[in-house]
Amino acid sequence: MLTGELRNKIDRIWETFWTGGITNPLDVIEQFTYLLFIKQLDEVETTKENEANFLGVPFERMFSGECQKYRWSRFINLGSADEMYEIVANGVFPFIKNLHQDGDSAYARYMGDAIFKIPTAAMLSKIVDGIDRLELGEEDSKGDLYEYLLSKVATAGTNGQFRTPRHIIKMMVELVKPAPEDTIIDPAMGSAGFLIEAQRYLRENHAELFLDAKLRNHFNREMFYGNDMDRTMLRIGAMNMLLHGVDNPNISYRDSLSEQNKDVEKYSLVLANPPFKGSLDYEAVSADLLRVAKTKKTELLFLALFLRILKKGGRAAVIVPDGVLFGSSKAHKEIRKEILERNQLNAVISMPSGVFKPYAGVSTAVLVFTKNGSKGTDRVWFYDMKADGYSLDDKRQEIADCDIPDIISRFHNPDAEAERARTEQSFFVPIEEIVSNDYDLSINKYKEIVYEKVEYEPSDVIIERIEQIEAQIQTEIAELKEMLGRQI
C-alpha cells in the first residue's frame, strides 16, 4: 500500500498538472503513465546491462546509438529545462510511440494515437523531478500508484474501474496454475494485471518454455488476450505487457459482451474481475449470452460469456459480487444452474467485504470452474476467507492474519478436505444439497455455527446486585447534596 509520504508526493505532481492547465483527470493519468513508462524502460535497460556485464554476454539494446540520449537517466540530468523539453517532446515521445514498428502489434495500435500534452518546459521539468523522487520498489507499488490516481477520477466508481489487489490476483493465478500451452484471456482487462501475473507465474514455474522456440513464440504472440472499452486502459495494458517481456499480446478495443465478440471455445483459461455495474447497451448484447441469462446485469452476462469462450476442459477463476451466489431472479438461478449442472464448479471462495476498500465496500467471491459441457458438478468446495493479510478498513494496513496460503494449499489437496466438518473454514457440499436449495452458493447457507453455552447467574441474584448499586448511587447523591448545601 502507498505510504502517506508517497501519496503526498503524488498529490504534488497532480497539482503541477492541474495548475499547468491539464485539468482532465484522465489526461493527467495518461501523461503521468507515459513518463512512468519512460522511466521504467530505462530501469529495464539498466538491469539488462548489469546482467550482461556480469555474465560477459552481449544483449539487444532498446536504446541503441543516438537513442541513448532518450534514456530517463540521461535527459533528467540535462542542465536546461528547455533542452530536456525538446528531447522529450520531439525525441523520447516519438521513440516510445514507435518502439514496435509492426503496425499489427497491440503496442503499435494503441500508442499510435497517444499525444504528448505537457505544454511547457518548466512544467515538464517539475513533473519529471517529482516522478524521479518517487520510490516505487515493489511491483505492486506501481499498481497501487495507478489505483490512487484512478481514485481521483470522479467516474471511477460509476464505471467499476477498481484495480484488483495484486495479492488476490496472485492467489487466483496460483489456484488455476497457468501452463505453457494455455491460451489466456481477461475480457475486461483494465491495466492487464491478471495477464501480467499469469506471465510471471509461467516465468517462475515453467522456465523451460523459453527454451522451446514454438512455446516461446506462443508465449509472445498467441497466449495472452485482453479486451477493454477504454483506450487509455489499452495503452496502459500494452505498455505493462511490453515492460514485462510479452512482445505482442492480443489486446483489443472491444465490448466483450456485444455481438462484435464472436469468440467461441477459443481459450483454455479465463482470469477476470469483470465490472459489476456501469452502463450497458442492452440492445448490443450478444443474443447467445441473453439465451443463457436474460438480464442487464453485467456480472451474469460475463459468466455466460466465460462459458461460451472457454474450450472444453478450460478453466476459469473469476471474481463476482455476492449477489451472484444467492440472487433469486430467474437469470441468477439460470446461470448458477448452467455452471453447476453442465460444468464443474470447483470452488466458491467467499472474501470479506473490505478487500476492495477504500474504493468499494462490496462483498465478493472467487468462483473457480471448469468447462465440461455436459458432465456437471458432483460437489463444491467452499472456503470462508476471513483475512487477506491486510486490515479490512479504509487504511488496508498489512497484518499477520492471512488465509491465502491456506486457501491455495487446501484447494490443491482436495482429498484432505473430504472429511472436514461444516463448522470449519472450508468444506465440501454435495450437488444434491445445493440443487435442493435453489442452487444457492452462499457459504452461510451450508456453514454450521457452533454456539457456546453461556451460564448466567439466577435472576434474583442479578436483581439484588442492581438494587445494591442503586442504593449506593442514592447514598452518594445524598452526600453530594449535603456537601453542596454546606458550601452555599
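In which strand does Ala400 lie? Ala400 belongs to strand 10, residues 398-402, where helices (H or I, at least four residues) and strands (E, at least two) are DSSP runs numbered from the N terminus. The structure is a predicted model, in which local features need pLDDT of at least 70 and side-chain atom pairs count only at pLDDT 80 or more, while totals for chains, interfaces and linings use all residues. Residues are numbered from 1 along each chain as its sequence is written, and side-chain values use heavy atoms, with hydrogens and water left out.

With a relative accessibility of 79%, Ala400 counts as exposed; the scale calls a residue buried under 20% relative accessible area, exposed over 50% and partly exposed in between, with a 1.4 Å probe and protein chains only. From Ala400 to Ala89 the C-alpha to C-alpha distance is 47 Å, and the two are 311 residues apart in sequence.

Arg396 is buried, at 2% relative accessible area, and has a positive phi near 50° although the residue is not glycine. Lys177, also not a glycine, has a positive phi of about 50°. For context, most residues other than glycine have a negative phi. Lys177 sits in the loop between helix 9 (166-176) and strand 1 (184-186) and, at 41% relative accessibility, is partly exposed.

We turn next to the aromatic residues. The whole structure contains 15 aromatic pairs, a pair being rings of Phe, Tyr or Trp (its six-membered ring) with centres within 6.5 Å, called stacked when the planes are under 30 degrees apart, edge-to-face when over 60 and tilted for the rest. One of them joins Tyr225 and Tyr267 edge-to-face, at 5.1 Å centre to centre and 65° between the planes. Tyr225 is in strand 2 (residues 224-228) and Tyr267 in strand 4 (residues 267-272), so this pair ties together parts 42 residues apart in sequence. Tyr225 is buried at 16% relative accessibility, and Tyr267 is buried at 0%. Phe382 and Phe427 form a stacked pair, because their ring centres are 6.1 Å apart and their planes lie at 20°. This pair links strand 8 (residues 379-384), which holds Phe382, with strand 11 (residues 426-430), which holds Phe427, and so ties together parts 45 residues apart in sequence. Both phenylalanines, Phe382 and Phe427, are buried. Elsewhere, Tyr34, Tyr85, Phe93 and Phe116 make up one aromatic cluster.

Charges are also found over rings, meaning NZ of Lys or CZ of Arg within 6 Å of the ring centre and within 35 degrees of the ring normal. Arg379 places its charged end over the ring of Phe428, 3.7 Å from the centre, and Arg231 lies over the face of Tyr253 at 5.7 Å from the ring centre.

The second largest pocket has about 840 Å³ of space. Its lining comprises 21 residues, with Val44, Lys48, Glu60, Met62 and Asp247 nearest the centre. A pocket here is an open set of points on a 1 Å grid over the protein atoms alone, where a 1.4 Å probe fits, with protein on both sides within 12 Å along at least five of seven lines; lining residues have an atom within 4 Å of a point. Points are joined across faces, edges and corners, and the volume is the space filled by probe spheres set on them. Helix 2 (25-55), helix 11 (213-222) and helix 12 (231-243) each supply at least two lining residues, and helix 2 gives the most, with seven.
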